[in-house]
Amino acid sequence: MKKILVTGGAGFIGSHVVRLFVNKYPDYQIYNLDKLTYAGNLENLRDVDQKPNYNFIKGDIIDGDFIINLFKKEQFDGVIHLAAESHVDRSIANPMEFIMANIVGTVNLLNAAKHIWKDHFKDKLFYHVSTDEVYGSLGDTGFFYEDTPYDPHSPYSASKASSDHLVRAYHDTYGLPMLISNCSNNYGPNQFPEKLIPLFINNIRHNKPLPVYGKGENVRDWLYVEDHAVAIDIIFHKGPVGETFNIGGHNEWKNIDLIKVLCRVMDEKLGRAKGESEKLITYVTDRAGHDLRYAIDSSKLQKQLGWEPSLQFEEGIEKTVDWYIENQAWLDNVTSGNYQKYYEEMYLNR
Ligand code: NAD
Ligand code: TDX
């Protein structure tokens, strides 16, 4: 029996990680700790939330006393830490929320793990989920490797870089057993419609403008979210303690090219005339400090631990569009704020 704490399990990637672990490891008890910010949605876990090995805890990683008491009470064997403020544009508007959640929140978890695990580090593991954005921005060529120097530009990426440094510092200073992975842009079901792909799917659905930042020439490296969850499972179970792994699908797209693919697929799925959705493209003022290009080299993970992305992008984007079209109620609930009632119904009014 293992007790695993997953932080941020009601969010986009966290919900896919929780689902994978709850279904694949019936012998583990999975504890999903989430504050349920605007980005946390328990509806994402409706299909597993009645399973006997799933537990939900509403709580804030910024609250150090709460975190230490939780670790004392539950005696977790491992932590998979995903809870974070995750949207770059929000970090530009309000950096302090990112400092608190991503830096202070991570240190609270590290302190609790160090304190509670101190005499028996051997079978414990603190797995920190991070992003490729810590490495900064590439020019037209080259890749991010695990030893690429950190060079973050947004308050979001600087807060994630800071949390990565702190996780390594707790390993080097106190011997805390840890692993870090840095992943490229994720897409797929359950992503909050403020990030590029679900925002544009939702806007196309409502015939609203598609705001392309700058000239749409920035490049991102896209990975299907379930492939990220599988990579986390493999690294958590097989990764040598103290190591870092990059995760990415070698799938670079210029924003404007990706948006045109999305428009084409949406036209087909909605039965619209060819070229209809592209008419919604609207070029707007660029994001401040907008990183030009991200591209991950994940050959260490592929060679050492045998992970491979399972989906080609065309297949992944079709699956994604199908999911949002089949789950329009999810999108409507998220955009209206109704999804927050699910918590009240499930956990408060019983
Ligand atoms: P998300 O915004 O969809 O979800 C974040 C979750 O964390 C939400 O459920 C939210 O309620 C919870 N949370 C936020 N602050 C909290 C706090 N103070 N206490 C407890 N819970 C809190 O994010 P995501 O896209 O699923 O990203 C998850 C993690 O993966 C983040 O650490 C992010 O940096 C990292 N990441 C994301 C991507 C991506 O493309 N989305 C890529 C690489 C890495
Ligand atoms: O309306 C938009 N118009 C636009 O042109 C939005 C929301 C985005 N963009 C551009 C900005 C980026 O170049 O599309 C690209 C993708 O933007 P986001 O979806 O906001 O993702 P990004 O900023 O690349 O960061 C994401 O990947 C790394 C996640 O949000 C992070 O959490 C993750 O760490």
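Modeller: A residue is counted as near a molecule if one of its heavy atoms lies within 4 Å of it. By that rule 29 residues surround ligand 1, and the closest are I13, D34, S86, Y156 and K160. This is a predicted model, in which local features need pLDDT of at least 70 and side-chain atom pairs count only at pLDDT 80 or more, whereas totals for chains, interfaces and linings use all residues. Residues are numbered from 1 along each chain as its sequence is written, chains are lettered from A and ligands numbered from 1 in the order in which they are written, and side-chain values use heavy atoms, with hydrogens and water left out.

Colleague: How do you know how much of ligand 1 the protein buries?

Modeller: Accessible areas come from the Shrake-Rupley method with a 1.4 Å probe, and for residues only the protein chains shown count as cover. Taken alone, ligand 1 exposes 840 Å², and the protein buries 96% of that.

Colleague: Which residues are closest to ligand 2, and what polar partners does this ligand have?

Modeller: The closest of the 21 residues that surround ligand 2 are E133, Y156, P211, R287 and H290. A polar side-chain atom of Y156 lies 2.5 Å from an oxygen atom of ligand 2, a polar side-chain atom of N185 lies 2.9 Å from one, and a backbone N or O atom of L196 lies 2.8 Å from one. On its own ligand 2 has 660 Å² of accessible area, of which the protein covers 95%.

Colleague: Why is α6 called largely enclosed?

Modeller: Helices (H or I, at least four residues) and strands (E, at least two) are DSSP runs, numbered from the N terminus, and buried means under 20% relative accessible area, exposed over 50%, partly exposed in between (1.4 Å probe, protein chains only). Eight of the ten residues of α6 are buried, so this helix is largely enclosed by the rest of the structure. Among the buried ones are I197, F200 and R205. With contact meaning heavy atoms within 4.5 Å, the buried residues of α6 pack against elements including β7, β8 and α10 (313–326). After α6 comes N207, whose phi is positive, near 55°.

Colleague: Why is Q29 called buried?

Modeller: Q29 lies in strand β2 (residues 28–34). Its relative accessible area is 18%, and therefore Q29 falls under the 20% limit and is buried. The side chains of Q29 and N55 are joined by a polar contact of 2.9 Å.

Note on methods
Polar contact = N/O pair within 3.5 Å; in protein donor to acceptor, adjacent residues only side chain to side chain.
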